[in-house]
Amino acid sequence: MAETKRKQPDRGSLRKSLYNKVANDLGQRIVRGDYKPGALLPNEAECGQIYKVSRTAVREAVKMLSANGLIQSRPKIGSRVEPRAAWNLLDRDVLGWYCTTVDFQSFAHDVQQIRFMIEPEAAALAATNRTSQHLAEIEAAYQAMADGVGDEAAWNAADVKFHLSILNASGNEFIPPFGSVIESLLANLFSVTVAHLRNRLKVLPQHEAILIAIRTRKPDLARAAVRRLLQSTQKTIDQGSKVKSAALESKARQRRSVKVLARG
């Protein structure tokens, strides 16, 4: 029997993996604030030693961070971190780094503001412009939510799909790309809010109301239904914040009690 040849690693994929490793670590550290705006990053040689990669990989990582607005690289000066206002937070990579480093309450507040601005009007447009294919996608996502009531991961994925399907059905070519970009935002938000839902069946009718309004082509009802759902989500976020604050306060009281007993 002929010896099976080992598949050689793809050099292009390996190189991309190496510079992605560097870019991901530096990107997270910039977004987290380890490197503040105005700070210089380690130079090529230093980064090569830190991450054990070639200078070529470092240069590719720097290009990636520059394209995302996180840094500006100049000859003989180096790579300097740009002000936050210059960062492209709608880029998928930057968005991913942001989600892993930002305070959840601040993150949820910003996401909810965007959702209140975009989703009610997108649903109203979907009620007017949706095709039979669009409607089928929204209905399929809703059914997946209903089927996944007992499965948090399945519910979360279907919930994201439901909202993105509505954006896709809006008929406005600029809205679907926006939806694909904020997919990770919605997934991160839902993964936390879903954890606070004691009974997912309570919010399922709110999604169904949106679906029915879009199916029956009633834009005003669709707009209002989305606003009700977002208000419900906001209440869940606020409740989660109160629970977290109470838990932190309880731990603080316990620590103070331990200190008092230790002194005694």
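Guide: Helices are DSSP runs of H or I with at least four residues, strands are DSSP runs of E with at least two, and both are numbered from the N terminus. By that count, K76 sits in the loop between β1 (71-74) and β2 (78-81).

Guide: This is a predicted model, where local features need pLDDT of at least 70 and side-chain atom pairs count only at pLDDT 80 or more, while totals for chains, interfaces and linings use all residues. Residues are numbered from 1 along each chain as its sequence is written, and side-chain values use heavy atoms, with hydrogens and water left out.

Visitor: What makes β1 and β2 a pair?

Guide: Two strands pair if DSSP finds at least two bridges between them. Four bridges join β1 to β2, and the strands run antiparallel. Q72, for one, has R80 in β2 as its bridge partner.

Visitor: What is the phi of K76 in this hairpin?

Guide: Three residues lie between the strands, and K76 takes a positive phi near 65°. K76 is a residue other than glycine.

Visitor: Why is K76 called exposed?

Guide: Relative accessible area decides: buried is under 20%, exposed is over 50%, and partly exposed is in between (1.4 Å probe, protein chains only). K76 has 89%, so K76 is exposed.

Visitor: Where is K52, and why does K52 count as exposed?

Guide: K52 lies in the loop between α2 (44-51) and α3. Its relative accessibility is 73%, so K52 counts as exposed. K52 has a positive phi too, near 55°, and is not a glycine.

Visitor: How do you know that the span of α3 agrees with its number of residues?

Guide: The expected span is 1.5 Å times one less than the number of residues. Helix α3 (residues 55-67) has 13 residues, so it should span 18 Å; its end C-alpha atoms are 18 Å apart, which agrees.

Visitor: Which residues of α3 are buried, and on which side?

Guide: A57, V58, A61, V62, M64 and L65 are buried. They cover an arc of only 160° around the axis, so they lie on the same side of α3. The arc is taken from the directions from the helix axis to the C-beta atoms. An α-helix has 3.6 residues a turn, so residues three or four places apart point the same way.

Visitor: What does the face turned away from the buried side of α3 carry?

Guide: That face carries the exposed residues K63 and A67. K63 has 54% relative accessibility, so K63 counts as exposed. Just after α3, G69 takes a positive phi of about 80°.

Visitor: Why does T233 count as buried?

Guide: T233 has 12% relative accessibility, so T233 counts as buried. T233 is in helix α11 (residues 219-263). Contact means heavy atoms within 4.5 Å. T233 touches Q112, R115 and T193, leaving aside residues up to four places away in sequence.

Visitor: How many aromatic pairs does the structure hold?

Guide: One. Y98 and F107 form a tilted pair, 6.5 Å centre to centre, with 50° between the planes. Rings of Phe, Tyr and Trp (its six-membered ring) pair if their centres lie within 6.5 Å; planes under 30 degrees apart are stacked, over 60 edge-to-face, and the rest tilted. Both Y98 and F107 are buried.

Visitor: What pLDDT does the protein average?

Guide: pLDDT is the predictor's confidence in each residue, from 0 to 100. The average is 84, and 81% of the residues score at least 70. Over residues 243-248 the pLDDT is below 50, and this stretch has zero contacts in the model beyond near neighbours in sequence. Where pLDDT is low, the predicted coordinates should not be read in detail.
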